[in-house]
Amino acid sequence: MIVLSAPSPAARERTLLWLLAAVQFTHVVDFMMLMPLGPLLMQRLSLSATRFGALVSAYTLASAAMGVLGVFWLDRLERKRTLLMLYAGFIASTLLCGAATGATGLLIARTVAGACAGLMGAVVIAIVSDVVPAERRGQAIGTVMTAYALSAVAGVPLGLGLANLGGWRSPFIVLAGLAGIVWLLLLRFLPRVDGHLAQTSGASSTAGFTPRLALGWGLTFTVVFASFLLIPYLGAFMVGNVGLTLTDLPWVYLVGGAATFVSSHWIGRLADRLGPARALALLLVATMVPHLLFTHLPPSPLPMVTVVFVLFMTLTSGRAIPTMALVASQVPPSLRGRYLAVNMAASDGASGLAAWMGGLVLTTAPDGTLIGFAQLGWLAVGISALALGLLWTFAGRAVRLDATPAP
């Protein structure tokens, strides 16, 4: 008789992390897919850069608003049930995106999707922070954050391919189907995560929050704001200014995503070895080079554009890993969900406001060229420098309140 041994704790942890990465993958694809679709949507729906920026912002601003509301209840529920509920709403709203018949319908559907996605991301990071000890948390968050790379490797190129074949609505319909499968896997394999409830019972919704913890939200805001001044318009810039075609974009995002997938694991280990504050400081300085290099790029051949894009994406997306590891370590489990909900609201608010501001700065010439992108690059560098100052203040003043027991 063959006796099957139970999975080891390490195997269960890996399964948990990849399930949560799958949740993030569908959420990130839903968000990121709209940005490389920008040139197509601006043509098909007759959108200006400003209106397209508003379309991107609707998702993130709705997510930010729900993140603020989540402070009142997010830690009062068992985390698995909360995640399943939010994910179901996300799936339904993604189907609404596919059913939209024009720009207004898409705007409404994106707002609903964003309202679910922000809290969903906060619950995912809260689960990771609750179950993974602090000494391995950077690498664990790096694993979950590979969703961003996988979305570029597989999700975004496939979404662009589906849009080219079946119209811009088809990627949303396919994504909703994939998310439905992930929801069923969560229902079957995700364990209950309720250790925080004993500490939360009877606590005020804002007890334990201090002004210095708000520095973490400011740090997250500036890190994300600097990135999203540029990210929503990369596709339009590569087509309108650098000379690529719409059919080139999937390949550029594929290579960039593959590089980011590899670098996410490396950056997670770096954050555990050096500490998230030092790792983030290094990345903030390093990203200033590709921000200026990419935004000043003249018409160039595809290989050169791809190399610069890879440098931009690996460093820029990598900043999220030490940022999340740092802010999550400052609060105990009883406050973690609510704190991270507001942190996600800061992130989403920053991305939405930055996309909107970028649309205001940019103008589109009759031939499709974006005017003002170089100025956005300098602004992104300035905001990154401000983030360095906030990081120095936050890392020096915040007191670690991590109550996660070691295994």
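## The largest pocket

In this predicted model, the lining of the largest pocket is made up of nine nonpolar residues, one polar residue and two charged residues. The volume of this pocket is about 260 Å³. Twelve residues line the pocket, and those closest to its centre are Pro9, Arg12, Glu13, Leu16 and Pro191.

Helix H1, which covers residues 9-32, contributes seven residues to the lining of the largest pocket, the most of any element.

## The chain as a whole

The chain has 407 residues, and 57% of them are buried. Its secondary structure consists of 17 helices and two strands.

Contacts can also be sorted by separation in sequence. Of the contacts between residues at least 6 apart in sequence, 86% are between residues at least 24 apart.

In soluble globular proteins, nonpolar side chains tend to be buried together. The largest nonpolar core of this model has 118 residues, and the members that touch the most others are Leu83, Leu234 and Met238. Helix H5 (residues 103-131) supplies the largest share of this core, with 14 residues.

Which residues is Leu83 in contact with, leaving aside its neighbours within four places in sequence? They are Leu20, Val23, Met120, Val123, Val124, Ile127, Leu186 and Leu190.

## Aromatic pairs

A pair of aromatic rings is described by the distance of the centres and the angle of the planes. The model has seven aromatic pairs. In one of them, the ring centres of Tyr87 and Phe90 are 5.9 Å apart and the planes are at 10°, so this pair is stacked. The cut-off for stacking is an angle under 30 degrees.

Tyr87 and Phe90 both lie in helix H4 (residues 79-99); because they are three residues apart there, about one helical turn separates them. Both residues are buried. Elsewhere in the chain, one aromatic cluster is formed by Phe237, Tyr253, Phe294, Phe309, Phe312 and Phe373.

## A buried serine

Ser264 is located in helix H11, which runs over residues 249-274. Is Ser264 buried or exposed? Its relative accessibility is 4%, so Ser264 counts as buried; the cut-off for buried is under 20%.

Apart from its neighbours within four places in sequence, Ser264 has contacts with Gly142, Met145, Thr146 and Ile321.

Definitions and conventions: Residues are numbered from 1 along each chain as its sequence is written. This is a predicted model: local features need pLDDT of at least 70, side-chain atom pairs count only at pLDDT 80 or more; totals for chains, interfaces and linings use all residues. Side-chain values use heavy atoms; hydrogens and water are left out. A nonpolar core is a set of buried Ala, Val, Leu, Ile, Met, Phe, Trp, Tyr and Cys residues joined through side-chain atoms within 4.5 Å. Buried means under 20% relative accessible area, exposed over 50%, partly exposed in between (1.4 Å probe, protein chains only). Helices (H or I, at least four residues) and strands (E, at least two) are DSSP runs, numbered from the N terminus. Contact means heavy atoms within 4.5 Å. On a 1 Å grid over the protein atoms alone, a cavity is a set of points where a 1.4 Å probe fits but cannot get out, and a pocket is an open set with protein on both sides within 12 Å along at least five of seven lines; lining residues have an atom within 4 Å of a point. Grid points are joined across faces, edges and corners, and a volume is the space filled by probe spheres set on the points. Ala, Val, Leu, Ile, Met, Phe, Trp, Tyr, Cys and Pro count as nonpolar, Asp, Glu, Lys and Arg as charged, and the others, Gly among them, as polar. Rings of Phe, Tyr and Trp (its six-membered ring) pair if their centres lie within 6.5 Å; planes under 30 degrees apart count as stacked, over 60 as edge-to-face and the rest as tilted.
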